[in-house]
Amino acid sequence: MAGTAETMKPAGIPRYRPFDGPVLFRQGFRPFFFGAGLWSLLSLLLWLTVVQGAVSLSLGANPLAWHAHEMIFGFTGAVIAGFLLTAIPNWTGRMPLQGVSLMVLFGTWLLGRLAMGLSALLSPALVAVLDLSFLLLLIAVVVREILAGRNWRNLPMPVALAALFIANLLTHLDLMGLAATGRMGERLGIATILFLIGLVGGRIIPSFTRNWLSKRGEKRLPASLGRFDKVSLFLMLVALIAWVSLPDSQIAGIFLLIAGGMSFLRLGRWQGHLCLSEPLIWSLHLGFFWLPLGLCLLGASIFLPQILPSMAGLHALTAGAVGSMTLAVMTRATLGHTGRTLTADRWTTMLYVLIAVAAAARVGASLAPISYSALLWVSGLLWVAAFGLFSAHYGRMLLFK
């Protein structure tokens, strides 16, 4: 990502090979961020219309399972790919993936989306192969680059991708009727993404904040990465493992509450309140805020299921943390890696506001059953507006410059 080099001790940003093909395949973030933005809004629109009975899709899974799968492994999988393909060359100093190789990887992602959308017309085994191939190829690329660049510090990244692959495999085993592991696969996929937000966000947010504050002569700077962050991440990992394995157990609830509390304290150490004049910075802090809030809500729901449904915490984590952080990261990375000034214009600020209100409405829908349908549509349409604005405003940067 833009600026990731400051926090991950890079070997230096390499030159790109000469490439006369489409600009879209010059750098890894371009096709995957553009594809993620479009697929996020299209898949959500499809799901909303399917739920209302206005459209019928050839889905082998029920619409809710398809929606969860595409948000976790389709949309967020593309964002992760765009991030890694852009960050890894900064870490290793090696040539980035581009051209035909990038086209093949992106085409594999597209095939997975098509296979899932037409899963009722294909054999479940074929759907699984087409969908899982993308993560396998991405893991192979990441492992090759990290090993070739001897960048041992970032070995957790392929481990996280392997966890995401296993999570996706569990959902397909359920679709094939081999094991009732679909829900566990969804939880494992969400948990993996949340841990990546905790890990990567904990590196880039204080770094970007420190740089911005230092340029303005501010003496109050974010706390450096240290033991507190490592303990907080470890507790989050324990909490997420407990939730994936035993989602309704009190031990999971206790660890989720502890991890949420520690993450709140961690966020408070990053001086986000001093950055309210720059949306590119406060959007990262706001996106991370949803993580401890969601962990606490999810943990509390285990002890108070009658008044606090688990879906409130789950959507604080997914619509809130995942939705907000992906937009914050994609916008900053696109600006930085296309040579533009790292500052948010009014359109960028608007999409940050749209996604925040969308997440709040989705959490509110779970907390207010009487208004569930209305808030669900408000949330869905605001989500579509946010990613539609990203696709339109940033699409021209990704496609042409």
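I take a nonpolar core to be a set of buried Ala, Val, Leu, Ile, Met, Phe, Trp, Tyr and Cys residues joined through side-chain atoms within 4.5 Å, where buried means under 20% relative accessible area, exposed over 50% and partly exposed in between (1.4 Å probe, protein chains only). The model is predicted: local features need pLDDT of at least 70, side-chain atom pairs count only at pLDDT 80 or more, and totals for chains, interfaces and linings use all residues. Residues are numbered from 1 along each chain as its sequence is written, and side-chain values use heavy atoms, with hydrogens and water left out.

Core. I looked up the largest nonpolar core, which has 124 residues; Phe32, Leu84, Leu194, Ile197, Leu291 and Trp383 touch the most other members. Helix 2 (residues 63–92) gives the largest share, 15 residues; helices here are DSSP runs (H or I, at least four residues), numbered from the N terminus. Domain 1 (22–179) and domain 2 (190–400) both contribute, so the core lies between them; the bounds come from an automatic or database domain assignment.

Aromatic pairs. I paired rings of Phe, Tyr and Trp (its six-membered ring) with centres within 6.5 Å, calling planes under 30 degrees apart stacked, over 60 edge-to-face and the rest tilted. I get 15 aromatic pairs by this rule. Phe32 and Phe106 are edge-to-face, because their ring centres are 5.3 Å apart and their planes at 85 degrees. Phe32 sits in helix 1 (residues 29–51) and Phe106 in helix 3 (residues 100–117), 74 residues apart. Both Phe32 and Phe106 are buried. I also note one aromatic cluster, formed by Phe25, Phe32, Phe106, Trp109 and Phe134.

How values were computed
Helices (H or I, at least four residues) and strands (E, at least two) are DSSP runs, numbered from the N terminus.
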